[in-house]
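Today I want to look up ring pairs and a helix packing.

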Number of protein chains: 2
Amino acid sequence: MRTALCETFGIRYPIIGFTPSEHVAAAISKAGGLGVLGCVRFNDAGELDRVLDWMDANTDGKPYGVDIVMPAKVPAEGAAVDLEKLIPEEHRAFVERTLRELGVPELPEDTEERAGVLGWLHSVARSHVEVALKHPIKLIANALGSPPVDVINQAHEHGVPVAALAGKAEHAVRHVDNGVDFVVAQGYEAGGHTGEIASMVLLPEIVDAVGDRAPVLAAGGIGSGRQVAAALALGASGAWTGSIWLATEEYLQTMPDSTAMQSALVGATSSDTVRTRIYTGKPARLLKTRWTQAWSAPDAPDPLPMPLQNLLVSKAHNRIHAANDPTVVSMPAGQIIGRIDRVRPVAEVIADLVSGYEEALSRLDKTR
Amino acid sequence: MRTALCETFGIRYPIIGFTPSEHVAAAISKAGGLGVLGCVRFNDAGELDRVLDWMDANTDGKPYGVDIVMPAKVPAEGAAVDLEKLIPEEHRAFVERTLRELGVPELPEDTEERAGVLGWLHSVARSHVEVALKHPIKLIANALGSPPVDVINQAHEHGVPVAALAGKAEHAVRHVDNGVDFVVAQGYEAGGHTGEIASMVLLPEIVDAVGDRAPVLAAGGIGSGRQVAAALALGASGAWTGSIWLATEEYLQTMPDSTAMQSALVGATSSDTVRTRIYTGKPARLLKTRWTQAWSAPDAPDPLPMPLQNLLVSKAHNRIHAANDPTVVSMPAGQIIGRIDRVRPVAEVIADLVSGYEEALSRLDKTR
């Protein structure tokens with residue numbers, strides 16, 4: 001399982017693993033892939049800096065990357081406190097009532113009142129880039145398409161390539177025109193922000209649209225070696241994976257109170273996801289639970305635009321997380337979660353991807 | 001490009017091509033695939049009989065199959081004239097108003113008033129099976145999942161295997177339990193009736209769920225050899241294709257007044273489809289045109305259940321067809337239509353599938 005991507009990044013397998021957990025990211029890199037750490041959880045750039053120090057000390061010199069969330073156009077943003085004023089009372093009341101109905105307790109009185117997840121804010125994402133470029137990162141990926149051109153240039157000045165997600169061929173071409181080095185073709189079945197076009201159709205469209213100008217990574221529906229083989233058959237240079245890393249042992253090292261989320265994933269089928277705007281304000285695929293169901297009830301308000309929706313629900317997310325109830329989880333996840341049947345070490349997942357890939361190629365050999 | 005399917009059917013390539021056109025079906029079979037003729041358009045079993053006579057005379061002895069539309073449970077049906085009474089006046093008025101607003105003319109006075117498409121009715125589908133089994137067909141496929149067990153047995157008594165569409169692994173297992181011989185795994189991106197799970201995830205799920213009990217055909221998103229290679233990498237025994245045959249020269253031999261539909265397909269991108277209940281009452285993916293858009297307007301009524309919805313719109317379909325306007329088309333089509341850039345002969349499409357497949361395998365060879 002080798003493509004040009006392996007040379008580019010100095011990795012053994014063309015498997016990129018996105019994860020909010022530094023323990024998972026490090027384990028992916030050590031197992032021969034490229035771990036990409038999601039930065040959106042870091043409100044404080046200093047905290048990200050310390051975590052990247054940890055990565056530098058715990059990846060045995062293997063390459064890794066980071067993932068930011070930054071729209072190409074700078075939104076009118078203001079301070080978080082101003083944004084809070086833009087959230088309608090009706091929405092706050094719905095969230096409060098829903099949490100009560102779902103049996104999600106209040107946080108203990110002495111819990112430090114954490115601000116919403118500010119990583120969605122442009123200024124915060126820029127601080128992530130600043131900090132990350134002080135570390136030996138090999139990739140900056142942007143989960144919201146092309147970042148602003150000056151950010152791309154800043155990365156290039158440090159010799160760091162930039163990847164951007166695309167759900168349509170025309171977006172992919174625009175990203176490459178902006179200077180993006182890798183396109184992540186994000187199919188309908190993917191977790192998180194996703195469009196309407198499924199990987200089987202989207203991937204070759206994007207590969208053909210960008211041609212030799214940028215390698216394309218296949219995202220959406222990849223959790224086995226067969227799917228990596230399918231992605232490479234469709235023209236991808238590598239696989240971008242996400243959901244499968246949520247159900248790993250290493251994930252608990254970063255976020256020990258994620259056992260409810262993991263048992264929900266283990267119990268879920270491929271039908272147990274939903275594409276909805278309730279997480280960020282833009283359509284994103286989430287694990288389907290009583291929380292997502294409540295938002296599709298007739299009395300539920302329409303989700304707010306980005307970044308207001310995430311500010312609205314981020315404290316609810318803290319309460320949901322603390323409640324540790326597998327039936328009430330708020331987590332981006334793709335349709336591939338139907339194949340997750342237990343929590344495993346990262347290295348075992350990688351080994352299975354590799355052996356499944358070899359089997360798929362042997363099967364194809366017999367068709368000649 | 002050979003799998004066990006080639007032996008089973010006596011075909012050169014494991015490519016099954018579904019089409020409502022006998023000219024296309026015959027051309028697919030003659031080019032080395034298995035042409036499967038859709039029967040739903042035949043209200044009169046005698047007409048189907050004559051068309052299958054034509055197939056027998058024009059396929060050079062190559063194998064072919066038929067496709068029926070038959071729910072597993074016999075619905076309370078009654079005569080078409082009774083069903084017409086169940087259609088609300090509001091719905092009729094909406095259709096009439098919409099056609100007027102879209103500039104679709106009335107049919108000329110002397111047009112023979114054709115009944116709705118009755119192929120959706122259970123009794124009519126049964127008559128299709130009766131007639132088809134008098135011909136040397138090699139496959140009966142059912143576009144609505146498992147047909148009733150007695151119909152499966154009837155086919156088996158004639159030595160004819162049965163295929164059934166499935167959009168979930170549990171449905172596939174149920175079909176095989178009923179005696180179905182081939183499962184068509186119909187991904188989200190497919191044209192016509194389709195579920196929510198995309199091919200990349202659905203296909204290996206179904207392959208693993210049915211195991212050795214039935215070969216699985218991949219449907220949804222397949223229009224190039226790369227996609228056939230991806231499907232086989234994911235574990236399929238062959239490819240089930242549909243949309244790509246709509247834009248063939250042979251299609252016009254059966255339905256000469258389809259030039260507007262074909263130019264709409266040539267102009268469409270992969271974003272120009274919509275999954276909606278307006279065609280049959282069940283979710284089906286259609287080409288997005290001003291007709292489908294009208295049904296998603298706020299003033300549009302909810303579509304009726306099967307079989308009423310198709311009865312409601314079938315006369316509208318006749319008018320739309322006669323109007324020959326590429327902006328007002330009612331046609332099931334999958335996301336793969338984004339890759340259709342011209343109308344071609346069937347043999348050229350098959351040749352491209354084969355050469356694209358070889359290229360994909362050569363590319364995979366380089367990853368070892």
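I'm working with a predicted model, where local features need pLDDT of at least 70, side-chain atom pairs count only at pLDDT 80 or more, and totals for chains, interfaces and linings use all residues. Residues are numbered from 1 along each chain as its sequence is written, chains are lettered from A in the order in which they are written, and side-chain values use heavy atoms, leaving out hydrogens and water.

**Entry: rings.** I found nine aromatic pairs over all chains (Phe, Tyr or Trp rings, six-membered ring for Trp, with centres within 6.5 Å). I picked Phe18(B) and Trp240(B): their centres are 6.4 Å apart and their planes at 15°, so I noted them as stacked (planes under 30 degrees apart; over 60 is edge-to-face, the rest tilted). Phe18(B) is in strand β1 and Trp240(B) in strand β9, 222 residues apart (strands are DSSP E runs of at least two residues; helices are H or I runs of at least four). Phe18(B) is partly exposed at 26% relative accessible area, while Trp240(B) is buried at 7% (buried is under 20%, exposed over 50%, partly exposed in between, with a 1.4 Å probe and protein chains only).

Entry: Which residues of α15(A) make the contact with α15(B)? I listed Tyr357(A), Leu361(A), Leu364(A) and Asp365(A) (contact means heavy atoms within 4.5 Å).
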